[in-house]
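Colleague: Before we discuss this structure, I would like the terms set against their cut-offs.

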Amino acid sequence: SQNGTVSKTVTYCRYVRLGRTVIYQGFIVATAAGTAGQVISVSLPVTAQIASFHPVGTFYIYDAAPGTNYSGTSLNRTTTSLGFLVNQAGEVGLNPSFALASGDQIKWEVVYEAAAS
């Protein structure tokens, strides 16, 4: 999402849980626009033990127009959602100035601790 729900095509989303360790990878392509200046986030497949912006992995965003790449740290924003801390020239933070739009791609890989069952 980016201030609401962004329509997307899920190209690849998989996770495996080994005890309380969760390994989660995803690749989605936006098919509709988000809102600039808002957090980009995805749902976690298993509730996390820790929220509070705990770093858990990396991500990559390809902005199809104008063809810009962004990367950074993936964070547990809450125990049920993952946020992307953009760390690129001119863009630092959870609220990037660009809006997701049709053709934009997001890829992530994270490892985190699941909440106790």
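**Terms and values**

Modeller: V111 lies in strand β8, a strand being a DSSP run of E with at least two residues, numbered from the N terminus. This is a predicted model, in which local features need pLDDT of at least 70 and side-chain atom pairs pLDDT 80 or more, while totals for chains, interfaces and linings use all residues. Residues are numbered from 1 along each chain as its sequence is written, and side-chain values use heavy atoms, without hydrogens and water.

Colleague: Why is V111 called partly exposed?

Modeller: Buried means under 20% relative accessible area and exposed over 50%, with partly exposed in between (1.4 Å probe, protein chains only). V111 has 44% relative accessibility, so it counts as partly exposed.

Colleague: What makes V16, L18, I23 and V111 a nonpolar surface patch?

Modeller: A patch takes residues with over 30% relative accessible area and no salt bridge, joining nonpolar side chains (Val, Leu, Ile, Met, Phe, Trp, Tyr) within 5 Å and like charges within 9 Å. V16, L18, I23 and V111 make such a patch, of about 310 Å². Areas come from the Shrake-Rupley method with a 1.4 Å probe, and for residues only the protein chains shown count as cover.

Colleague: Why is the contact of E113 and R20 called a salt bridge?

Modeller: The term requires a side-chain nitrogen of Lys or Arg within 4 Å of a carboxyl oxygen of Asp or Glu. The side chains of E113 and R20 meet at 3.1 Å, N to O, so the pair qualifies. E113 lies in strand β8 (residues 105-113) and R20 in the loop between β1 (8-18) and β2 (21-30), so the pair ties together parts 93 residues apart in sequence. A search of the whole structure finds one salt bridge.

Colleague: Are E113 and R20 buried, exposed or partly exposed?

Modeller: E113 is partly exposed, at 39% relative accessible area. R20, at 34%, is partly exposed as well.

Colleague: How do you know that Q2 is buried?

Modeller: Q2 has a relative accessible area of 1%, and buried means under 20%. Q2 is found in the segment before β1.

Colleague: What makes S52 exposed?

Modeller: The relative accessible area of S52 is 63%, against a cut-off of over 50%. S52 is found in the loop between β3 and β4 (54-63). The C-alpha atoms of S52 and V10, 42 residues apart along the chain, are separated by 27 Å.

Technical notes. Helices (H or I, at least four residues) and strands (E, at least two) are DSSP runs, numbered from the N terminus.
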